[in-house]
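Please read the following account with the sequence and the model side by side. It goes from the chain as a whole to the sheet, then to the core and the aromatic rings.

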Amino acid sequence: MRLPLVIVIVIFFTGCNNNSTRKKSEQISSLDSNLVAKPVAINKDSLLMAITKEVLTAFKNKNYVSLSLLIHPEEGVRFSPYAFIQLANDKVVKPDWIKSQADFSKQVNVLWGTNDGSNEAINKTLNEYVTDFVYDVDFLNPEKIKVNEFIGGGNTLNNLLEVYSNCDFSESHFSGFDKKYGGMDWRSLRLVFKMKDGKYYLAGVIHDEWTI
């Protein structure tokens with residue numbers, strides 16, 4: 001039986017539209033595959049900046065559970081109250097200890113080192129130490145921040161590169177806060193990162209400022 005001409009034309013164009021739709025779908029699928037097969041490479045400096053932000057956020061909020069996950073799992077993290085790192089005196093703690101400090105009521109005084117000038121012992125809880133020698137200014141929103149470059153510097157020897165060879169670091173810096181001090185109230189915080197199993201971990205926290 002012969003089909004009417006109108007029905008034949010309708011069938012013809014319907015088939016063409018289906019083929020066109022199928023081809024477009026295949027092209028989109030191919031494009032998606034190409035995008036998946038070629039992930040965007042992450043710049044090293046950008047990665048370190050992102051980790052720095054995570055660490056500073058944890059310090060600002062005193063979120064020690066989150067901080068513990070960012071600390072080097074084997075070597076822990078060394079806290080240095082001043083630019084000159086004192087291997088014999090500066091406190092080194094492991095991730096589990098940091099995590100245990102999440103209960104503020106159980107924090108006890110710890111010897112973190114000695115005060116510059118007076119040479120008195122720095123006996124503080126973790127919260128107190130973070131307030132005085134880590135996040136004492138808004139380092140999440142610094143005036144300047146750099147990766148593997150020093151910004152601030154005073155009359156204290158900076159031995160970071162000698163102590164943390166083959167590591168990377170970030171420095172968050174403020175040039176000063178009150179004009180009457182002529183820049184002597186500057187602050188810097190250096191975070192040192194060490195690679196383990198293809199991932200960066202926090203290995204050092206170094207506070208720097210003008211000292212006597």
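Two residues are in contact when heavy atoms of theirs lie within 4.5 Å. By that criterion, residues 24 or more positions apart account for 55% of the contacts in the chain with a separation of 6 or more. The model is predicted, so local features are reported only at pLDDT of at least 70 and side-chain atom pairs only at pLDDT 80 or more, while totals for chains, interfaces and linings use all residues. Residues are numbered from 1 along each chain as its sequence is written, and side-chain values use heavy atoms, with hydrogens and water left out.

The chain has six helices and eight strands. From the N terminus on, the order is α-α-α-β-β-α-β-β-α-β-α-β-β-β. Of the 212 residues, 35% count as buried; buried means under 20% relative accessible area, exposed over 50%, and partly exposed in between, with a 1.4 Å probe and protein chains only. The chain exposes about 12800 Å², of which carbon and sulfur atoms supply 55%. Accessible areas come from the Shrake-Rupley method with a 1.4 Å probe, and for residues only the protein chains shown count as cover.

Next, the sheet. Strands of a sheet pair through backbone hydrogen bonds, either parallel or antiparallel. Here, two strands are taken to pair if DSSP finds at least two bridges between them. Six strands form an open sheet in the order 2-1-8-7-6-5, with mixed pairing. Strand 2 and strand 5 (144–147) stand at the edges with a single partner strand each, so one side of each has no neighbour in the sheet. From one strand to the next the twist averages 15°. Axes are lines fitted to C-alpha atoms, for helices over the stretch in contact, and angles run from 0 to 180 degrees between N-to-C directions.

Strand 1 shows both kinds of pairing. With strand 8 it pairs in the parallel sense over three bridges, whereas three bridges join strand 1 to strand 2 in an antiparallel arrangement. Phe79 has Val205 as its bridge partner in strand 8. Arg78 stands opposite Gly204 in strand 8, and its bridge partner in strand 2 is Val92. Strand 1 is covered on both faces: Val77 and Phe79 on one side, and Arg78 and Ser80 on the other, are all buried.

What lies in the largest nonpolar core? A nonpolar core is a set of buried Ala, Val, Leu, Ile, Met, Phe, Trp, Tyr and Cys residues joined through side-chain atoms within 4.5 Å. The largest has 34 residues, of which Val55, Phe59, Leu67, Phe79, Leu202 and Val205 touch the most other members. At least two residues each come from helix 2 (44–61), helix 3 (64–68), strand 1 (77–80), strand 3 (110–114), helix 5 (126–133), strand 7 (187–196) and strand 8 (199–209). Helix 2 gives the most, with six residues. Leu67 is in contact with Val55, Ala58, Phe59, Ile98 and Leu202, leaving aside its neighbours within four places in sequence. A second, separate core has eight residues, including Tyr164, Cys167, Phe169 and Ile206.

A pair of aromatic rings is described by the distance of the centres and the angle of the planes. Rings of Phe, Tyr and Trp (its six-membered ring) pair if their centres lie within 6.5 Å; planes under 30 degrees apart count as stacked, over 60 as edge-to-face and the rest as tilted. The whole structure contains twelve such pairs. In one of them, the ring centres of Phe79 and Tyr129 are 5.8 Å apart and the planes stand at 85°, so the pair is edge-to-face. Phe79 lies in strand 1 and Tyr129 in helix 5, 50 residues apart. Both Phe79 and Tyr129 are buried. Tyr82 and Phe133 also form an edge-to-face pair, at 5.9 Å centre to centre and 75° between the planes. Tyr82 is in the loop between strand 1 and strand 2 (91–93), and Phe133 is in helix 5, 51 residues apart. Tyr82 is buried at a relative accessible area of 13%, and Phe133 at 7%. Ring pairs link Phe59, Phe79, Tyr82, Trp97, Trp112, Tyr129 and Phe133 into a cluster.

How values were computed: Helix = DSSP H or I, 4+ residues; strand = E, 2+ residues; numbered from the N terminus.
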